[in-house]
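This report concerns the fold and the aromatic ring pairs of a protein model. The sequence and structure are shown first.

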Amino acid sequence: MINFNSRRFYKKSIRKNLNTESGKKNLDELVEREKRVVQQEKQSKANSELFDDTIHEINKIYTLLDSNANKLRRAYDSSQFDGYFDNIIKDIEGIVSLLSIRLQLHRYLMNPSLTEKDQTGKFVIWKKVEKIYKCLYTEKSKKGLSINMQGSNSKSFKLKNTIELAIFIILENAIKYSPDNEEITIDFKESKNNLIVSFTNWGMCPSNEEMARLTERGFRSNIAQQNPNTKGSGLGLYILEQICKSNSVDLNIAKGDISKKISGVDHNPFTVKLTFN
């Protein structure tokens, strides 16, 4: 615990001796100490928010599992198994994949340096996006959103396994920040030399100044903080940038100039673009 009385006394004694070498040295030490205290308090708050977010996500997954268990009980009681098992198995497979990705995300949020140590493989990005889309199908359906995948991708790219996590962060954010009943577009443009994948959704975009800070660790825009439906710790886009760097994938985040009113509020297209070389 920080003893504020001792800190005030220490500051007072330093002020008396500011003109001496030892006084200046003590002042420098105090400034550094204050910086460390502020940093520790910020880190403690971020860890607490991360823990709360993780518990919230685990509760959501528990609800999905409980819902499927109830479906099985009803099917068993009524002896109507036809058609139930295929759907429930798909749901459970999706839940298992979602839980695996969320646990992986939690590990990287706690220790971002793990992105450098991940194993590599050859992946077709279209298939990875399809997998994440299926994991988040329930989330997007609750908001009445449609997801439109357009273009094509046949080439595979040598990447780390964390690329799956990068796609998850982008698509989950697009779902979270989109107004209900809107469309999310995922556009694939493949050429001889590269593949460009653009994720675009309508949202209440941050200011230009805030846009430049979105990948800073712990940063959240004013709009995100004020919206009770968009809880977060400000670490997702920071982790996304680290993953892209470790995979040599170019990351670009931009908002469009055009706008439209949704529920009386101006919204702009928000695009996250990944370039695979």
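This is a predicted model: local features need pLDDT of at least 70, side-chain atom pairs count only at pLDDT 80 or more; totals for chains, interfaces and linings use all residues.

Residues are numbered from 1 along each chain as its sequence is written, and side-chain values use heavy atoms, with hydrogens and water left out.

The protein contains nine helices and eight strands (DSSP runs, H or I of at least four residues and E of at least two, numbered from the N terminus). Of its 277 residues, 40% are buried (under 20% relative accessible area; exposed is over 50%, partly exposed in between; 1.4 Å probe, protein chains only). Among contacts (heavy atoms within 4.5 Å) with a separation of 6 or more, 70% join residues 24 or more positions apart.

Helix α6 (residues 163–177) has 13 of its 15 residues buried.

Rings of Phe, Tyr and Trp (its six-membered ring) pair if their centres lie within 6.5 Å; planes under 30 degrees apart are stacked, over 60 edge-to-face, and the rest tilted.

| Pair | Centre distance | Plane angle | Class |
|---|---|---|---|
| Trp 126 and Phe 188 | 4.6 Å | 45° | tilted |
| Tyr 133 and Tyr 137 | 6.2 Å | 75° | edge-to-face |

Trp 126 in helix α4 (residues 125–135) and Phe 188 in strand β4 (residues 183–190) are 62 residues apart, so their pair links distant parts of the chain. Phe 188 is buried at 3% relative accessible area, whereas Tyr 137 is partly exposed at 44%.
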